[in-house]
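Please look over the model shown below before turning to the briefing that follows it.

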Amino acid sequence: MDKLLNDFSPGLFVVSTILLLALIALMVKFAWKPILNSLNEREEGIQGALDAAEKAKREMANLQADNQKLLQEARLERETMLKEARELKSKMIADAEEEAKTQANKMIAQAQDAIASEKKAAMAEIKSHVAGLSLEIAEKVVRNELSNKDKQLELVESMLGEATLN
Amino acid sequence: MNIFQQSFKFLALALLVFLPTSIFANSEGGDGGQVDTKKEVEDYILHHIQDSHDFSLFSYTSDEGERKHFGFPLPVILWSSDGLKTFMSSEFHHNDDGTVIVEKDGVKFAKIHSKIYELDAGASSVNFDADHHATNGHKVLDFSITKSVFGVLVIGLLMLFWFSSLARQYKKKQIPTGFGRVLEPLVLYVRDEIARPNIGDKHYRRFTGYLLTVFFFIWFLNLAGLTPLGFNVTGQLAVTACLAIFTLVIYTVSGNKDYWMHILWMPGVPVLIRPVLAIIELAGALVIKPFSLLVRLFANISAGHIVVMSLIAIMFTLKEALTVPGAMGLSFVLSFFILLIEVLVAFLQAYIFTMLSALFIGMAVAEHDHEHEHDDHGHEIPDAQDVRGDFI
């Protein structure tokens, strides 16, 4: 301990204190401050770049998801459009069929009506014809009766035979 | 990597080539002659551990039997009873036992074991008592540019040059090139592994400048001490004391209210014990912590120098027992491996000093959230963090 104290040099202590104070001040001013600032700046820059890259990645992923969604929507829309078109088509066909059917039915009904009225008219004509014939016959019969009784009968007979043929 | 390998190879080579020759050929200690015996080796090592007023690389004895010293003198600056006196150390002619007297303006100085004494008025030579203490002189305040001061200056200028050029590099580019690429990870290491974890994210920036300076100062000087230049700056008590006192001042000045509360009036312990604890804590904070810092660095570096030099001295002390080649081989192998360990110790001691400084500062500025946990009876349970210092 005595030797240690003997070795301790107060002069060296003072000189090294002054030199160290100067060294610390100079180093802080000319070295550590700029170095640490630059290191911090660099680290912040790197962190910023990493964050930006991460953000860009996320945006890209979002964009891709959006695209996917859009595509999906477009596909769905196309499908619904196709479906609607198909439905429209079949509906149109069905409508047309229906229309044609009702039209045909209507025409058939008209034809039938026409046939019925024609038939009626024909029947009426036949009736009037038959009535005329009957009147003629009756006239002839009456005339023949007036001339020849036998011949009148014979005529009636033959006339009737003709009439039934009709 | 390449730079590292190359400089390591170069360093190893330089150590191998120069160390055994230069340090021991250099002999200004004791009688100034060659070093052969155990006693001379011991004196030589003790002399080397001390600061010196010359910067001598080596010396040899010429054919005429004259001792030649290779190196250069350093200025001596003294505060004597007659005011400031300056002269070059060459005026002592490498004498270290007080026989050469330098007279300046009527004041006589003698150098004894690397200490400069001022002789009492009227005395013309130094008288010694039985313990070899000067009886008619006293030590003067010695502000000389000694070898240690010279080392501090050289390393300080080197640090300024290296790191300010690194700082300048950042103005032009993001990533430094050349030697800056070696220095940058070291700066980052001190900031991220020493300053930030120990002081905390909020306050570390204020103290990082000091910690970086101290770390590189100690490390570079430790390494310089392992070169044949033979610096022993971090093995000088005055220098380590100065560093330790800086740390003491910093953590004492920046200590916050909590820190002083925990020292002077420890919460969570019975009131009667608090004054006793305050004494212990005060002693710990103001004496033990800085003392442990200064002694650890001083002792490790001095011991390293003594061990390396003792192992090199094997080649003289064991040359009878092992023959000259045997002693040289043994000393070569042992000192080589110890030097490698010393390279590690150089870093380790710089790391420990900086790390402990950071820890002490961190304890002084730590912000306790002061939500101390309370036990069932409402007493505070002291937080475990505060006892960290007691283990050091």
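Is B:Thr323 buried or exposed, and how many other C-beta atoms lie within 10 Å? B:Thr323 is exposed, with 11 other C-beta atoms within 10 Å, where exposed stands for 12 or fewer such neighbours, buried for 20 or more and partly exposed for the range in between, with C-beta atoms placed from the backbone.

This is a predicted model, in which local features need pLDDT of at least 70 and side-chain atom pairs count only at pLDDT 80 or more, whereas totals for chains, interfaces and linings use all residues. Residues are numbered from 1 along each chain as its sequence is written, while chains are lettered from A and ligands numbered from 1 in the order in which they are written.

**Chain A**
- Chain A contains three helices and zero strands, helices being DSSP runs of H or I with at least four residues and strands runs of E with at least two, numbered from the N terminus.
- Along the principal axes, the C-alpha atoms of chain A fill a box of roughly 200 × 30 × 15 Å, and 7% of its 166 residues count as buried.

**Domains of chain B**
- Chain B is assigned domain 1 (75-144) and domain 2 (149-391), with bounds that come from an automatic or database domain assignment.
- The centres of domain 1 of chain B and domain 2 of chain B, taken over C-alpha atoms, are separated by 35 Å.

- Apart from its neighbours within four places in sequence, B:Phe215 is in contact (C-beta atoms, placed from the backbone, within 7 Å) with B:Val190, B:Ala350 and B:Thr354.

**Positive phi angles**
- B:Ser114, although not a glycine, has a positive phi of about 65°; B:Ser114 lies in the loop between β6 (107-112) and β7 (115-119) of chain B and is buried, with 22 other C-beta atoms within 10 Å.
- B:Thr323, also not a glycine, has a positive phi of about 65° and is placed in helix α9 (residues 319-365) of chain B.

Notes: Two residues are in contact if their C-beta atoms, placed from the backbone, lie within 7 Å.
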